[in-house]
Amino acid sequence: MATEAVGVSPRAVGARDTVAAKILRVLGKAPVNFLLIAVGLLWLVPTLGLLLTSLLAPTDFQERGWWQIFSAPSKLTFQNYEAVFDNDPIMESLLTTSLIAVFGTLLPIFVGALAGYAFAWLEFPGRDWLFVVVIALLVVPLQMALIPMFQLYNTLGIFDTVLSLVLFHTAFGLPFAIFLLRNFFIGIPKDLMEAARIDGASEIRIFLRLILPLGLPAIASLGIFQFLWTWNDLLVALTFGRETQPITVAIFSQLRQFGANVDLIAPATFISLVIPLAVFFAFQRFFVQGLLAGSVK
Amino acid sequence: MSGASVTAEPPVKGAPPGGPEPGAWRKYALTAGFLAPAVLFLGIWIVYPTIRTIYRSFFDRSGDSFVWFDNYAEIFTSDILFTAVKNNAIWILVVPAFVTAIGLIFAVLTERVSWAVAFKTAVFMPMAISAFAAGITWRIVYIEEPERGALNAGIASFRDAFSPPGVLPDAAPSTENIEGTPDAGLTLAEPVQPGETVQLGLTRISTDEIPEGAVQAVAPEPVEGGIAGVVWRDFRPGGGEPGQLEQEELGLPGVTVQLRTEQGETVQEAATEANGTFVFEDVEAGQYQVAIGAQTFAAPFGGVTWLGERLVTPAILIAYIWIWAGFSMVVIAAGLAAIPRDVLEAARTDGATEWQVFRRVTVPLLGPVLTVVFITMLINVLKVFDIVIALAPGSVQDDATVLALSMWRTAFAGANNFGVGSAIAVFIFVLVIPVLLLNIRRFRREV
């Protein structure tokens, strides 16, 4: 045996080490892999539970939980969804929420981009001061605005309208929008700006033709954030939209009899999830970028 | 976002050395045009209401009389409002720390697997869902009956593996010659000797509780040197005579019967047959007691009341951490990716163990990122609202309440007390002011 060992070439030793090392590495990683698979599945269970519950007839769900579908797949039914699609108030609520989310996203992006450009590239006295104010407003809890806006909206006669909700979301989305876009715009190469100015482009033209297209990645991140916020909002909707009834308010009004209304609550909640989830999966990259820009900075 | 890390540029066109250059007013007008919409929105919807809310918080419910700090005192003296303060304190102590720690663990672990993207997507997904929808999702998880609620079903299957439920959880003796409680086991009052037979009648067994395979009960035949007996359902359609084994009365199979000495020590155990009979063989002469073991009556797991008064806050905390762990993981993972590999390699080459590398190199280098996650969570927790209102059933909302929820309930849901509501809002605002100052300092340093 000793002679054999001596006869083995260094390369062979190396190869054998690699194989052994590989096996060791795979074995060493097995616990981590196993743990992460378990955690990952665990993380999906609640959402899966909601989906499968929404696909069970209420009588079946009264008897056993959603996992009965695994042993009796024939129990899957779309009857709850059909009922929701026939439920006019819920469908109207979805439309209302869509309107609020779309305009509540576009408006702050536009207003925020204008201001962001001014903070990044225009010179005016008190610029840094004003930007400090924007940063301060970033964390003002919206609870601070609920009572005065409730009164003001009533005075103005726009209480409980889509408009009142859009404007509120716009205002509270603005500090983050300005902050994010200003930080992004400032990174646009100075040469590009100078060149455009020398060519005689007006500031408005520069903003529309240069800044907005170049700022698209940041605008996309911002848009996704703002869309998810406005779509998912409950507090503002409950305060200013009781009759306007965005989808969260419509579902909320069913919660009092949770047990009896699961066949309506579960599918309606799942439908209200699908759109933000689709947005999230379609633009995941921008979402993460926005998250990092917003928090790490 | 590499652009964001660039420090603020000096103004493009240097400030003119002399007085205002011609056309300067035009430039300012242009700037004003760019800023006006934002200033309008921020002024009307955030700055004005903030001042107004602070002002309003010093007036009573009707808004007519100035009450100094009475509304603030109310926060700490009213039971429900003070519960909100206490609960929010729990949130502050638990959530930022847990979310940061879990995110750190996930971020470090995902670096070691090849399918990190799939894992991150699964954990991050709840971030896209509204906290309100997440609350409803978890309400289904937390349903109390183990047959319907996933969490209690999981606990039940664990529990049943270690202490299976009894075959007759609700049964009771049919006559007074059986003593004891179901918890300690039911014992036949009369002592028995080898060669005798015993009959143990039980009632309060509903039709669907009858063990599977039960057949007509049979009176036991005496066994020489042993003790034979029967356990049966002492009831038949129409009633029957208690203590009498009659036609149509069923034996109870699967019941554990114990033979005990007079000191109460169990010497033999037997299980009943389909007709309810059992036999203890080769019993030494002497006086014995016959008992039905307590395990026969063990109640099945009824489910933990997650959304009851006592556990509702921890239950909501779990759901909330479920939402935010993904955020923490993604931000920390980005920070982790920015750590130069050679720093870690150098530590490993110097003989540091993986744990030491993690503890002494990775975590200190991640410090700023961990702080950001922690602070972000701190602010989020102060404003938490949706998930509490969605997850806590109406009956326990007073026990689960937090500042933002009690603010809304005080001002809008029936009570309509704008004075106290404003005070709670200001209280939340005061709590976030340190973060506000921190943000400003960070920006100032950057400029």
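The domain assignment of chain A, in which bounds come from an automatic or database source, gives domain 1 (2–77) and domain 2 (81–295). The centres of these two domains of chain A, taken over C-alpha atoms, are separated by 39 Å. Their contact takes six residues from domain 1 of chain A and six residues from domain 2 of chain A, where two residues are in contact if their C-beta atoms, placed from the backbone, lie within 7 Å. On the side of domain 1 of chain A that touches domain 2 of chain A, the elements that give two or more residues are α2 and α3 (58–63) of chain A. Helices here (H or I, at least four residues) and strands (E, at least two) are DSSP runs, numbered from the N terminus. The largest share of that side, four residues, comes from α2(A). By class, the residues on this side of domain 1 of chain A divide into four nonpolar, two polar and no charged. In this division, Ala, Val, Leu, Ile, Met, Phe, Trp, Tyr, Cys and Pro count as nonpolar, Asp, Glu, Lys and Arg as charged, and the others, Gly among them, as polar.

The model is a predicted one, in which local features need pLDDT of at least 70 and side-chain atom pairs count only at pLDDT 80 or more, whereas totals for chains, interfaces and linings use all residues. Residues are numbered from 1 along each chain as its sequence is written, and chains are lettered from A and ligands numbered from 1 in the order in which they are written.

Chain A as a whole has 16 helices and zero strands. Along the principal axes, the C-alpha atoms of chain A fill a box of roughly 95 × 70 × 30 Å. Of the 297 residues of chain A, 45% count as buried. A residue is buried if 20 or more other C-beta atoms lie within 10 Å of its own, exposed if 12 or fewer, and partly exposed in between, with C-beta atoms placed from the backbone. Among contacts in chain A between residues at least 6 apart in sequence, 77% join residues at least 24 apart.

Two packed helices are described by the angle between their axes and the distance between the axes. In chain A, helix α6 (residues 88–121) and helix α9 (residues 162–185) pack at an angle of about 35°, with their axes 6 Å apart. The axes are lines fitted to C-alpha atoms, for helices over the stretch in contact, and angles run from 0 to 180 degrees between N-to-C directions. The crossing of α6(A) and α9(A) is right-handed, the near helix being turned clockwise from the far one by less than a right angle, and left-handed would be anticlockwise. The contact of α6(A) with α9(A) has 21 nonpolar, seven polar and one charged residues.

Between the chains, 80 residues of chain A are in contact with 84 residues of chain B. Helix α2 (residues 10–54) of chain A gives the most to the side of chain A that touches chain B, with 13 residues. That side of chain A comprises 53 nonpolar, 18 polar and nine charged residues.

Chain B comes to 13 helices and nine strands. The box filled by the C-alpha atoms of chain B is roughly 125 × 75 × 35 Å along the principal axes. The assignment for chain B gives domain 1 (78–146 + 306–416) and domain 2 (172–297), with 55 Å between their centres.

Individual elements of chain B complete the picture. Helix α5 (residues 131–141) of chain B is mostly covered, as 11 of its 11 residues are buried; among them are B:Phe132, B:Trp138 and B:Arg139. B:Val331 has its place in helix α7 (residues 312–338) of chain B. This residue, B:Val331, is buried because 24 other C-beta atoms lie within 10 Å. B:Val331 and B:Ala107 are 224 residues apart in sequence and 8.7 Å apart in space, C-alpha to C-alpha.

B:Ala294 lies in the loop between β9 (288–292) and α7 of chain B. With 17 other C-beta atoms within 10 Å, B:Ala294 is partly exposed. Not counting residues up to four places away in sequence, B:Ala294 touches B:Pro182, B:Asp183, B:Ala184 and B:Gly185.
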